[in-house]
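User: I am new to this structure and would like to go through it carefully, one question at a time. Could you set out the terms as they come up?

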Amino acid sequence: MSMRHGSDGKDLSRRDALRYGLMTAAGLVVAGPRLFGAQPATQPATLPPNVLGLPDSPDPASAKPRPPLGKGKAKAVIQIWLWGGPAHLDTFDPKPEAGPDYCGPFEKPIETNVPGIRICEMLPLLAQQADKYAIIRSMTHGNDGHETAAYLVQTGREPGGKLVYPSLGAIVAHFKAFAAGYKGLIPPYIVLTQPQGRFSEAGFMGPKYKPFATGGDPNAAQFAVEGIVAAGVTRQRQEARRELLHTLDPVRSMLGDDPELAALSEAEKQAYDLILGDEGKVFDLSEEPDAVRLAYGRNTFGQSCLVARRLVERGFPYVTINYGGWDTHSNHFPTMRTKLPQMDRGVAALLQDLSNRGLLDTTIVWWSGEFGRTPKVDYKPPWTGGRHHYGRCFCAMLAGGGFRGGCVVGESDATGSNVKSRPVYPIDLLASIYEMLGIDLNATLPNPNGAPVPLMPSPGEVRSGGILTELM
Amino acid sequence: MFRLAFTTSIFAMLLPLAALAGPATIPAHRILAADAVQVPETQIDKIVFARLAELGIKPAEICSDAVFVRRAYLDVIGTLPSPAEVREFLADNRPDKRRALIDHLLQRDEFALYWAMKWSNVLRVKAEFPINLWPNAVQAYHRWIFASIRANKPYDRFVREMLTSSGSSFRVPEVNFYRAMQSKDPQGVAQAVALTFMGTRAEKWPKERLDAMAAFFTRIGRKKTTEWKEEIVFFDITSPTDKLAAAAFPDGTRPTISPEQDPREVFADWLISPSNPWFARNIVNRIWFWLQGRGIIHEPDDIRPDNPPSNPQLLAYLEKELVAANWDLKHIYRLILNSRTYQLSCVPASKHPEALANFAYYPLRRLEAEVLIDALNQITGTTEKYSSPIPEPFTFIPEENRTISLADGSITSPFLEMFGRPPRDTGLESERNNRPSPAQRLHLLNSTHIQRKIEQGRRIQAVMQSGGNLRKTATEMYLLIVSRFPTEEELARLEAYARSGVASGREVLIDLAWTLVNSTEFLYRH
């Protein structure tokens with residue numbers, strides 16, 4: 001059952017893709033000219049079909065591009081945040097024809113399981129999942145500062161205004177959790193593992209909407225989650241301490257029926273449900289089979305992807321994987337050779353696993369950094385093969401939650417320096433996510449310091465290329 | 001057979017008793033209350049106990065010395081006693097040592113720091129929205145409040161200076177009274193004055209009464225200067241005088257105000273007059289509430305005819321005392337703190353539903369957010385980082401500063417938010433949220449914030465590494481964290497924990513510190 005990527009399966013899916021591609025809306029590049037004559041040599045022939053170690057989708061037909069499911073079906077978002085800015089040319093928008101000044105050593109992009117879509121050769125596993133995601137190659141905002149661009153991408157707003165706007169995570173936490181009556185102890189907007197900083201947070205909505213940064217390392221023997229798993233304290237010691245606390249508290253033993261202390265005891269019970277009970281086990285990766293942990297990659301990023309899957313499985317609406325290390329001004333290509341395989345495995349496993357569990361239809365996976373990196377490689381010292389900040393043109397990836405998969409939105413020019421067609425601004429992407437989550441674009445956001453603020457900017461307030469209707 | 005069994009059981013009963021013998025023997029139930037403490041009965045006690053007798057409520061016992069020393073430090077100066085201070089007080093054999101301690105604490109600088117914090121809550125001292133005093137004015141205003149309390153400025157003068165002030169928000173700090181309110185129109189000012197100094201909610205008054213009081217505040221001028229965020233508040237002699245004819249005090253009497261006269265002075269003189277029924281009542285009731293956890297009129301800032309005092313005689317007595325002492329607030333603190341009523345144990349002797357409202361025991365209250373984090377820092381030898389990112393340039397508070405000394409309600413931390421520090425938006429006492437929440441409990445039980453303090457704090461580490469045996473070190477930890485000696489039974493339980501093998505060496509001491517920090521005894525005023 002797990003060996004479904006045989007040549008028959010591939011052919012079938014290719015035919016389906018073709019049939020499907022003919023039905024898609026104009027302007028959407030489902031497949032390029034190679035559609036009819038894909039050359040076997042460009043296939044990732046060296047890749048074992050099931051290298052992920054996860055079962056493949058039982059139905060080979062699932063390799064055809066995922067059709068859109070319509071708005072309002074998504075329940076959760078997993079944001080894969082490549083902090084620092086991943087190079088678009090070395091991920092989802094390769095430009096081998098532009099020559100080594102642009103593509104560096106990555107000259108041989110690979111075909112994906114959707115004919116006509118090529119991605120960087122360092123991403124063979126993601127190449128097998130291309131039917132599940134859409135690539136946006138025409139992201140743009142023109143801002144080259146880390147903090148300001150991160151703010152722009154996650155709020156859709158230009159920095160420097162009177163109000164600090166909340167990020168997508170805080171907004172989703174509001175509509176899908178708090179406004180829906182969520183009362184749980186684990187905040188609904190979770191960041192694995194380190195916080196992103198003050199421009200990527202709750203903005204004017206206030207501290208209730210701030211992300212909960214887990215801290216710790218999900219790849220460590222014990223994933224120390226802030227407040228839930230104390231580093232170096234075993235479960236047995238937690239239980240013994242609780243016992244000790246109850247025997248060494250004369251005020252409580254004499255006044256246990258005091259209403260104040262009864263409320264405290266109730267609060268404590270709930271806290272221990274998280275520390276010792278089932279609720280906190282969402283972070284316990286020892287519950288996962290070794291094969292699954294291996295499939296995601298035994299590194300912090302891979303295991304974060306696995307935690308993210310467990311979180312959405314239990315109903316958490318927004319998980320950010322804050323994945324740093326992409327700010328490669330120098331030593332760019334050697335860094336990519338170590339980082340891209342990690343990223344490739346973690347994201348591919350996440351997509352496959354979500355799909356296998358039937359969660360991909362309700363879970364949006366959004367892959368992006370704050371910007372791309374300069375298309376032209378800087379070979380001068382001290383950079384000697386580096387790429388710098390580039391907000392004029394970059395790429396993003398969207399999967400699941402009802403979005404169409406197996407397609408490309410927009411196009412960059414021959415060197416990836418400018419958007420050639422269909423510009424997508426941050427607000428376009430965010431608004432599209434709202435739509436899929438069923439968040440009314442006319443809604444307002446709570447503002448404890450004044451009148452409620454409209455979710456969407458008024459027309460003309462920010463630049464826009466329009467909502468991604470081609471993916472819906 | 002029978003005889004043998006009998007002997008054995010007697011033996012078994014005697015063993016734990018023998019184990020209790022030793023220098024630190026205090027029966028567990030005597031930790032909170034004391035049998036033989038001499039606290040003279042005061043006039044407050046005569047009034048309170050007479051009322052309790054009428055209701056058939058038995059008052060609690062007097063609290064133990066160890067409870068008293070901790071309670072007095074926390075209530076008077078918002079600060080834990082050091083182990084040395086606890087030892088000194090417990091070893092003191094003078095019969096009036098409680099009185100002496102109260103006098104000492106009322107002279108400490110922390111008294112002014114702690115009560116400046118309380119007053120800054122009432123007066124809404126906050127740089128940002130919705131008060132918008134802005135940082136420089138906040139610093140000046142807080143400094144003025146602190147200095148007034150440290151100098152024990154008579155209360156009538158303290159209030160009159162604010163109400164009649166004119167000048168720059170930087171140079172005449174008390175003018176910030178007129179800036180620290182959400183609505184600055186005459187009605188808004190009147191409501192703030194009524195709430196702050198009369199303990200009453202003027203928005204519930206008939207409209208004519210509020211408008212008549214507002215008339216006194218119709219001639220306030222405000223202007224900007226070239227200094228960033230400086231404002232001048234003044235009596236605007238050029239302003240229209242047509243509203244003055246409608247001016248009436250809240251008791252209905254109508255003054256005559258000449259156009260040259262600042263109407264705020266006319267109002268202030270009425271307010272602080274000894275015959276004014278509101279002025280003394282509000283402040284003595286607030287002080288009672290602050291120290292005792294419950295107002296004689298409760299809520300203390302909701303005084304109205306249909307919310308009567310639980311003990312009118314007590315309130316009248318305190319009002320009279322304050323006026324007779326020329327508005328010396330420390331006199332009222334002394335009267336309350338030295339009473340047996342204040343020194344009752346937190347263990348009620350009666351389950352009567354009116355026991356709390358009639359002060360039959362000292363009610364448990366969780367430490368305020370600011371006092372709690374200071375206490376955690378004090379016992380562990382750690383600090384907090386406070387800063388304000390808006391407006392730029394950032395403000396950074398020196399780390400050695402206490403949290404109770406934070407001037408600005410806008411400068412906060414996740415801990416302070418979680419533990420319900422008042423936002424200083426309205427000045428209502430109910431802004432403080434001391435309800436226990438699961439998130440708070442989780443934070444104390446299991447966060448890295450607290451774990452780091454316990455495992456890495458210099459002060460608590462020094463105790464853990466002092467090299468004595470477990471009993472000696474544990475005794476020091478008890479003095480440090482819960483301000484008392486451990487009982488024999490407690491030490492025996494700790495030794496059993498150490499023997500159980502679940503934790504070893506330093507971990508046992510860390511677990512003891514964790515236990516004491518999470519105990520109700522540490523977290524609550526008791």
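Analyst: Helices (H or I, at least four residues) and strands (E, at least two) are DSSP runs, numbered from the N terminus. The model is predicted, so that local features need pLDDT of at least 70 and side-chain atom pairs count only at pLDDT 80 or more, while totals for chains, interfaces and linings use all residues. Residues are numbered from 1 along each chain as its sequence is written, chains are lettered from A and ligands numbered from 1 in the order in which they are written, and side-chain values use heavy atoms, with hydrogens and water left out.

User: Where in chain A is Asn113(A) found?

Analyst: Asn113(A) has a relative accessible area of 16% and is therefore buried (under 20%; exposed is over 50%, partly exposed in between, with a 1.4 Å probe and protein chains only). As for its place, Asn113(A) is found in the loop between strand S2 (110-111) and strand S3 (118-119) of chain A.

User: Which backbone oxygen does the side chain of Asn113(A) reach?

Analyst: A polar contact is a pair of N or O atoms within 3.5 Å, where within protein one must be able to donate a hydrogen and the other to accept it, and residues adjacent in sequence count only if both atoms are side-chain atoms. A polar atom of the Asn113(A) side chain lies 3.1 Å from the backbone nitrogen of Ala130(A). At 2.6 Å, the side chain also reaches the backbone oxygen of Gln128(A).

User: How many residues of chain B are in contact with chain A?

Analyst: Contact here means heavy atoms within 4.5 Å. By that rule, 42 residues of chain A meet a set on chain B that numbers 44 residues.

User: Which residues of chain A lose the most area to chain B?

Analyst: Buried area is the accessible area (1.4 Å probe) that two parts lose on being put together, summed over both. Chain A and chain B bury about 3,700 Å² between them, with 66% of it on carbon and sulfur atoms. In chain A, 18% of what that side buries comes from the three residues that lose the most, Arg237(A), Arg241(A) and Leu248(A).

User: Which residue of chain B forms a salt bridge with Arg237(A)?

Analyst: A salt bridge is a side-chain nitrogen of Lys or Arg within 4 Å of a carboxyl oxygen of Asp or Glu, and five of them are counted between chain A and chain B. In the one that involves Arg237(A), the closest N and O atoms are 2.9 Å apart, and the partner is Asp511(B).

User: Which helix gives the most residues to the side of chain A that touches chain B?

Analyst: Between the two chains, 12 residue pairs are in polar contact, both at pLDDT 80 or more. The elements giving two or more residues to this side of chain A are helix H6 (235-247), helix H7 (250-255) and helix H8 (259-275) of chain A. With 11 residues, the element that gives the most is H8(A).

User: How many residues apart are Lys126(B) and Asp425(B)?

Analyst: Lys126(B) and Asp425(B) form a salt bridge whose closest N and O atoms are 2.6 Å apart, and both residues are buried. Lys126(B) is in the loop between helix H6 (109-122) and helix H7 (135-150) of chain B, whereas Asp425(B) is in the loop between helix H16 (414-418) and helix H17 (438-446) of chain B.

User: Why are Asp211(B) and Lys207(B) separated by about one helical turn?

Analyst: These two residues form a salt bridge, with the closest N and O atoms 2.6 Å apart. Asp211(B) is partly exposed at 25% relative accessible area, whereas Lys207(B) is exposed at 59%. The separation is about one helical turn because, in helix H10 (residues 207-214) of chain B, Asp211(B) and Lys207(B) are apart by four residues.
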